[in-house]
Amino acid sequence: EDLDEAVSDADADIPFDLTEVVEMRSILEKAQEWVEKATAIAPSDDTPKKGGKEKHSLAEIADLLEEAPAILVDISSDVDRLTTVRETVESWRILARQNLRDIISAFNAFQNDRSNTKGSNDADPTSNGEAKPETAQIGDTTGTGTSVADSTLIGNGPNNAFTLVSNFIKSVKSMTIETQEGNISEELNEAISWFNRASKMIDSASEVFDKRNFTKLDKTIQSGRKLIKFSRMKEIAEDATLIYDLRESWAAVVNDDIERLMELQRKRDKFLEWCEHADEIVSSSDKKVSVDTLNELEQQSVGYPSTSDVVSRVRKRANDAQAWHKVAKELLDSGEKIPIEDAKHITTAGDKLNITCEEYKTLRTALKATRSWLLKVKKVNGGKEGQTAAVGVTE
């Protein structure tokens, strides 16, 4: 402040620039610029708070502390704050690396639990051409060995992978200094978001047949594949394999979920093929459909949504055909002659259903033969049917 006042007084009272004044002004400007940068990184308690938090780097802090001895004004309080911030960040980095190792252990435990339960997944977890660093300086990363419940990783305790990731991301957001450990949080956040979408689809597998979800399923698979095509990221000097191991741990789970989603995709595609085939059969008016074919289609529709128009039509056609077949079979199996009007009625009903089967063929053949016989009787009687209405149709 004294230097600032001296420069201001000189500017006001001296009509020309003295060498001393020029030097004082240069010193002041340099100091003010340094203090502004330092305050942006490590603000004092009375510094007005800004709306957003700008991320700064450890390199900026190092540069400012290196420049500090050359500043000819008292900036000791600023230096102290910068030093405190640097120490705090370095302490956070140590904890962050351990947190990331815990996350790796949690993902590995989850994947191992899946492998032991449902068989191992041989897919390459990274499959991105990225070579694992050969050296590493790491501590104990055995973890707790606690497995995580299948289908979703959310909300199952403090050792849960998603909980650990969520806590880590919150921790990163609270930091105003950019770090290599913190830079991985965006990638982790994208992975967790993808896991949420994928697990919802896997948990509600029946909804895969809803055409409103067709594009959603395909895009989720595509985004999952894109997620594990990693771009290069600078290694962390203190733990050279950390980023690689982290990516490998959650990429293994992503690959496993992609396989599950692709199985749903295959089921969906099979359903669509079935719908096309079934629709062609039940919509045909030119060719009669056998009762056996309708029964087979109905059996194939088990597990398919009743809200599907094709499924609904197949089941109705099959139910109608089964009801008709039951009546026809009972009549034929009774061993009694069938009144011609009953034969006409049931055959006409079969024609309306556009179905065929052995019973239908038997009735139609018998009805045709009876009509032919009646015609002959009529001719013999001189055009009179007489009591021929009592003639029945037999098998």
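The following legends describe close-up views of a predicted model of one protein chain.

**Figure 1. Overview of the protein chain.** The chain contains 13 helices and six strands. Of its 395 residues, 37% are buried. Among contacts with a separation of 6 or more, 75% join residues 24 or more positions apart.

**Figure 2. The packing of helix H7 against helix H9.** This view shows helix H7, residues 185-203, together with helix H9, residues 242-282. Their axes come within 10 Å and cross at roughly 25°. Angles under 35 degrees count as roughly parallel, and H7 and H9 are therefore roughly parallel to each other. The crossing in which H7 passes H9 is left-handed. On the H7 side, the contact is made by Glu187, Leu188, Ala191, Trp194, Phe195, Ala198, Met201 and Ile202. On the H9 side, the contributing residues are Leu246, Arg247, Trp250, Val253, Val254, Asp257, Ile258, Arg260, Leu261 and Leu264. Sorted by class, the contact of H7 with H9 comprises 14 nonpolar residues, four charged residues and no polar ones.

**Figure 3. The packing of helix H11 against helix H12.** Helix H11 spans residues 309-333, and helix H12 spans residues 340-353. The two helices pack at an angle of about 160°, and their axes are 11 Å apart. Angles over 145 degrees count as roughly antiparallel, and H11 and H12 are therefore roughly antiparallel to each other. H11 passes H12 in a crossing that is left-handed. From H11, the residues Arg317, Asp320, Ala321, Trp324, Val327, Ala328 and Leu331 take part in the contact. They meet Ile346, Ala349, Gly350 and Leu353 of H12. The residues of this contact between H11 and H12 comprise eight nonpolar, two charged and one polar.

Figure 4. Asn354 is placed in the loop between H12 and strand E5, which covers residues 355-356. The phi angle of Asn354 is near 60°, a positive value in a residue other than glycine. Buried means under 20% relative accessible area; Asn354, at 14% relative accessibility, therefore counts as buried.

Figure 5. Asn160 is buried, its relative accessible area being 2%. A polar atom of the Asn160 side chain lies 2.9 Å from the backbone nitrogen of Thr163.

Figure 6. Val89 belongs to helix H4. With a relative accessible area of 2%, Val89 is buried. Leaving aside residues up to four places away in sequence, Val89 touches Leu58, Met175, Ile177 and Thr179. Val89 and Ile177 are 88 residues apart along the chain, and their C-alpha atoms are separated by 7.3 Å.

**Figure 7. Gln299 in helix H10.** Gln299 is part of helix H10, which covers residues 291-300. Exposed means over 50% relative accessible area; Gln299, with a value of 60%, is therefore exposed. A distance of 9.1 Å separates the C-alpha atom of Gln299 from that of Arg315, a residue 16 positions away along the chain.

Conventions. Residues are numbered from 1 along each chain as its sequence is written. This is a predicted model: local features need pLDDT of at least 70, side-chain atom pairs count only at pLDDT 80 or more; totals for chains, interfaces and linings use all residues. Side-chain values use heavy atoms; hydrogens and water are left out. Axes are lines fitted to C-alpha atoms, for helices over the stretch in contact, and angles run from 0 to 180 degrees between N-to-C directions. Helices (H or I, at least four residues) and strands (E, at least two) are DSSP runs, numbered from the N terminus. Angles under 35 degrees count as roughly parallel, over 145 as roughly antiparallel, 65 to 115 as roughly perpendicular and the rest as oblique. A crossing is left-handed if the near helix is turned anticlockwise from the far one by less than a right angle, and right-handed if clockwise. Contact means heavy atoms within 4.5 Å. Ala, Val, Leu, Ile, Met, Phe, Trp, Tyr, Cys and Pro count as nonpolar, Asp, Glu, Lys and Arg as charged, and the others, Gly among them, as polar. Buried means under 20% relative accessible area, exposed over 50%, partly exposed in between (1.4 Å probe, protein chains only). A polar contact is a pair of N or O atoms within 3.5 Å; within protein, one must be able to donate a hydrogen and the other to accept it, and residues adjacent in sequence count only if both atoms are side-chain atoms.
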